[in-house]
Every structure is written in structure tokens, then in C-alpha cells.
Amino acid sequence: MTEASPHSIRSLVIVGGGTAGWMAAAALAKHFHGSGLAITLVESSEIGTIGVGEATIPTIRRFYAKLGLTDEAVMRETGATAKLGILFQDWRRVGEGFIHPFGLYGQDHGDIGFHHLWLQARAAGDDTPISAYSLGAMLAEKHRMALPQVNPPTPLATFDWALHLDASLFAQYLRRYAEASGVTRIDAKVAQVEPGERGAIAAVRLDDGRRIEGDFFIDCTGFRSLLLGEALEVGFEDWSEWLPCDAAIAVQTENALDDPPPYTRAHAKSAGWQWRIPLRHRAGNGIVYSRKLMSEDEATATLLSDLPGKPLIEPRAIPFRSGRRTRAWAGNCVALGLAAGFLEPLESTSIALIETGIERLKELFPDRRLNPALAEEFNDATAREMERVRDFIILHYKLTRRDDTAFWRHCAAMPVPDTLRRKIELWDARGEFIRYRWEMFHPASWLAMYTGFDRIPEGANRALDGIDRAKVSAAMKRMRESVANTVAATPSHRQFLETLDR
Ligand SMILES: Cc1cc2nc3c(=O)[nH]c(=O)nc-3n(C[C@H](O)[C@H](O)[C@H](O)COP(=O)(O)OP(=O)(O)OC[C@H]3O[C@@H](n4cnc5c(N)ncnc54)[C@H](O)[C@@H]3O)c2cc1C
């Protein structure tokens, strides 16, 4: 251990012990190990956590790998199943579905992207869905799963995967990790936030009378945003004009599925959508809806009429607002998780945004002089990243072809943010993608959406006129066969899960 500078932050206080709080505690304890930084986490078991947030994207695996945790260990500890993507049922039209996989489609032809070949074949009358060229999508469709090859010889052997996990088991697992790494846990309610100098926080006062001082604070208090939102009065930018859902009802059920699908199901309903997340010991379910167009009773009835097993708990209503805190870092406080903002759960981005927030904080961790350049960069990157995710989620509503309810007619007709409008216009014109800074979703994900919603561009890539169609068509056939053969040789998702028990 080298001598810390006199300006170094010595005490870090995390308020909140949900997924965000324990992820931050575990990752920062590991990162700053041996530096002399004391980390305290205050949580209130009386208040509890939000208790949802069980579908992830593949970055979660990179997150826990940095802690030295293996896929097998995390899956075993959290009752997890594998997630290869999301099935969007009834979003395009009632009765139609498609999978958004974590992974790529096909092989490019020189520098012509594969999707241009597919679009050309489609225009010539070939109705093979683009999913036939994606190993991830086909594995998901057939309920198969194995670990991807380490050095795949071709992009056709590539896919990525994430987990469905029990959020409370995950938080408990990270808590054990963090406490073993030296984090001090206090179970008490923060009753008051004590201001310090120059817009900073000096300490938090607990309901048992204790006063916990800190050089730096992380607000992980969920929707309450007790430190950043309430005490430091950082405002909230509301995105409900584009994201019409503002409430959820969640219920856990017995897992009656013998053959658990390796994907999350997002099933569009008359004024929102319903999730189904298979875990090993139970399933997570919930409906996300617009309170303007659906009553709580109707939402509950819709949810209960479409469950995979018997409910284990009473359905629980969770009102929410989509949007973000105008600054995620103010004074000596950073917010992570729901305290920093929320985009509705479609595409399961919230835990991934906690991960990137933690990564950014590691990189920009200040000293007690709080150089404003650090907060400025943190806030700019956080804002841009959330806006990009927001746009991707809005896309799911905007591209619908449903006109059977007021909700879907509204979604199809609503104006969208300029950043998204430009993307859609470019796709419509030429089948190309705009890539902005800080994008969580890559072009393959945008392609999954455009093709899943049957949004076909007007113009084709000019270079397609010069290719040998017969040769390309034969190559595309080989690609489909290669994917199909790999899928046929892959064990079922159930078998994959059973290997964890050995
Ligand atoms: C309907 C819905 C579905 C979701 N689905 C997904 C999903 O599939 N995938 C995904 O990535 N994300 C999802 N999310 C988001 C996900 O739930 C959160 O990002 C994640 O659970 C992190 O929550 P949190 O830790 O910020 O807040 P919480 O879980 O609410 O934790 C807040 C913590 O703060 C503590 N606290 C609050 N006030 C005080 C106080 N005064 N004193 C002391 N402690 C206090 C609480 O006790 C608790 O420990 C979903 C969210 C909703 C609303």
C-alpha cells in the first residue's frame, strides 16, 4: 500500500442495499482494495428493495467476471437460467412474434453488410426470416443452450448470452462478497441528510440516532432518490411523452415450465406489455401499462390470465416515471440505479446502466477537492447513454403495425426525439445505421427491431447490382445450414441447466 494523498477520499458511504447498492459496494471494494478507502453501506430492511429486475443483458457477465465470479457460481447462487434474447410477441401485429437475440446475423460480403444481401433476397421473393442466419435467435427459438465457442471460426458460430436471475438472491450474493471484502453494513433508516459546504453532503443521520460521515456518497435509494433528488434537489427530466407506460404489476409464480425457454418473453397487450422471466425455482411475471388507458384492475386481470404457473405472492403495483435525474453527480454524491433514473423494463437495461455507472465512477473517482471536470464528464456520458437507450426503447413502440387499440395507435403516430427520427429516416432511405457515442445497443440490435417489425428500406445499396446473385444465394444457403446444424448439435436449455448441478 502506498501513502494516500492528503486529498484522498477516505470514506465512502453508499445508501441503499438493492441491486445497485450491493453491485457498487462489491465492485468498488474490489477496485479500491488496499487503497485505504473505507466503504459503508446503509440499508433499511424495514423499507426493503423493489424486488424486480431479473432479466439482464450480456454485460452482467463481464461485470461479475471482474469480481472473479464464474457463470456457474452466479447461476447456481441466484437460481438463474440463460437468456439468449427477448421474444417480442404481438408487437408487430397480433399473432406475430420475433426474437431479438444477443448476437449477429449472417456473414458480410466483402464490405457489403449481410443485411443488404438479405434485403435483396427478400425483394426477389425469398421469405426466409433473418433469424435463420442468427445462431442466437435459432438457439432461443429451439430452446437450446451451450456455452459459445471461445474463438469461433466464423461469425455464424457467434452469440452472446445473459442471465435471468433472482434479484434478491443476487443482491445477497454480492452482499456476502462485499462484506468479505471489508464493506461495513448498517441496517437502519436514513432519517436526515446533513448538508456540508458548497452543495455537498456532510453526513447522514440514522433513525437510531447515529451520524455517518462520509467524504463521498452514493445514492442507491431507488425511486426515492433520497440524497440526489431530495436532499440535493437535482431535478428530473420526464420522458413520458415518448414512453407511455407508467406502472407495472408484478407477481412471482411457480415455475410450471418443464422446458424453460432461454429468453425473456415480452408479450404486447392492449395498453402495454407483459414480461415472463423463467428462473429455476420460480418465474417472474409482470405487466407494464399506461394508467391513462388501462385501470389497475384490468391490468391485474390481464396479468393473472396469462401466467405460467400458480401465483406465489399477491400481485404488487409499482408506479413509475420514465426519465432521468438531470445530473447523476452533484457535489460529493453520485446516484446509481433507480435513484439516477429509470427507463421502463423493456430490453432490461437498468442493471446494465448500473454497471456502466460503476465503471465510470471507477475511472472518474475524485479526491476531496472534487474537480468539477470529473462530474461534468460523468454527467455528460450518463445523460447521452440513457438517451440512446431511451431511443432504442421508443423504437419498439413507434414501429408497431398494430391499430387495434388507442394505445397502439398513439404509439405508431407519436413524434419521436430527433436523435431517433434521424436513425429511422436513414434506415428507411438506405438500410444504414447511425452510431452515436455511448450506445449500449449495437447495429445488430437495431436490425433485429427493423426486420422484426417488417420495416423495409426504400433504397438498396448500389453495390448489390454488381454481385453474382447465384453465388451469394448459394453462400446464404450454406450460412443457414451452418446455423441449423450447430443448433441441432446443441443440447437443450434444460440439459444445460442440469450441468450446473453436477
Ligand atoms: C417493473 C420493473 C421491472 C424491472 N425489470 C428489470 C429487468 O428486468 N432488468 C433490469 O435490469 N432492471 C429492471 N428493473 C429495474 C431494476 O429493478 C433496478 O434497476 C434494480 O432493482 C436496482 O434497484 P435499486 O437498487 O436502484 O433500488 P431498490 O431495489 O429500490 O433499492 C433501494 C434501497 O434503498 C434502501 N433505502 C431506501 N430509502 C432508505 C432510507 N431512508 N434509509 C436507508 N435505506 C433506504 C432500501 O431499503 C433498498 O435497500 C425493473 C424495474 C421495474 C420498476
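Okay, to start: a helix axis here is a line fitted to C-alpha atoms over the stretch in contact, and angles run from 0 to 180 degrees between N-to-C directions. Helices (H or I, at least four residues) and strands (E, at least two) are DSSP runs, numbered from the N terminus.

Quick housekeeping. This is a predicted model, with local features needing pLDDT of at least 70 and side-chain atom pairs counting only at pLDDT 80 or more, while totals for chains, interfaces and linings use all residues. Residues are numbered from 1 along each chain as its sequence is written, and side-chain values use heavy atoms, with hydrogens and water left out.

So, helix H2, residues 59–66, and helix H9, residues 350–364. Their axes come within 9 Å and cross at roughly 45°. That makes H2 and H9 oblique to each other, because under 35 degrees counts as roughly parallel, over 145 as roughly antiparallel, 65 to 115 as roughly perpendicular and the rest as oblique. H2 passes H9 in a left-handed crossing, meaning the near helix is turned anticlockwise from the far one by less than a right angle.

Who touches whom? On the H2 side we have Thr59, Ile60, Phe63 and Lys66, and they meet Ile351, Ala352, Glu355, Ile358, Glu359 and Lys362 of H9; contact means heavy atoms within 4.5 Å. By class that's 5 nonpolar, 1 polar and 4 charged residues. For the classes, Ala, Val, Leu, Ile, Met, Phe, Trp, Tyr, Cys and Pro are nonpolar, Asp, Glu, Lys and Arg charged, and the others, Gly among them, polar.

Next pair: H1, residues 19–31, and H6, residues 167–180. These axes come within 8 Å and cross at roughly 30°, so H1 and H6 are roughly parallel. H1 also passes H6 in a left-handed crossing. The contact includes Trp22 and Met23 of H1 and Phe170 and Leu174 of H6, and its residues split into 10 nonpolar, 1 polar and 3 charged.

On to the sheet. We've got 6 strands in an open, mixed sheet, ordered S7-S2-S1-S11-S20-S19, where pairing takes at least two DSSP bridges between two strands. S7 (184–187) and S19 (329–330) are the edge strands, each pairing on one side only. Inside the order, S1 (residues 11–15) pairs with S11 (residues 216–219) in the parallel sense over 4 bridges, and isoleucine 14 stands opposite isoleucine 218 in S11.

Take tyrosine 397 and tryptophan 408: ring centres 6.0 Å apart, planes at 20°, so stacked. The cut-offs are under 30 degrees for stacked, over 60 for edge-to-face and the rest tilted. Tyrosine 397 sits in helix H10 (residues 372–398) and tryptophan 408 in helix H11 (residues 406–413), 11 residues apart.

How values were computed:
Rings of Phe, Tyr and Trp (its six-membered ring) pair if their centres lie within 6.5 Å; planes under 30 degrees apart count as stacked, over 60 as edge-to-face and the rest as tilted.
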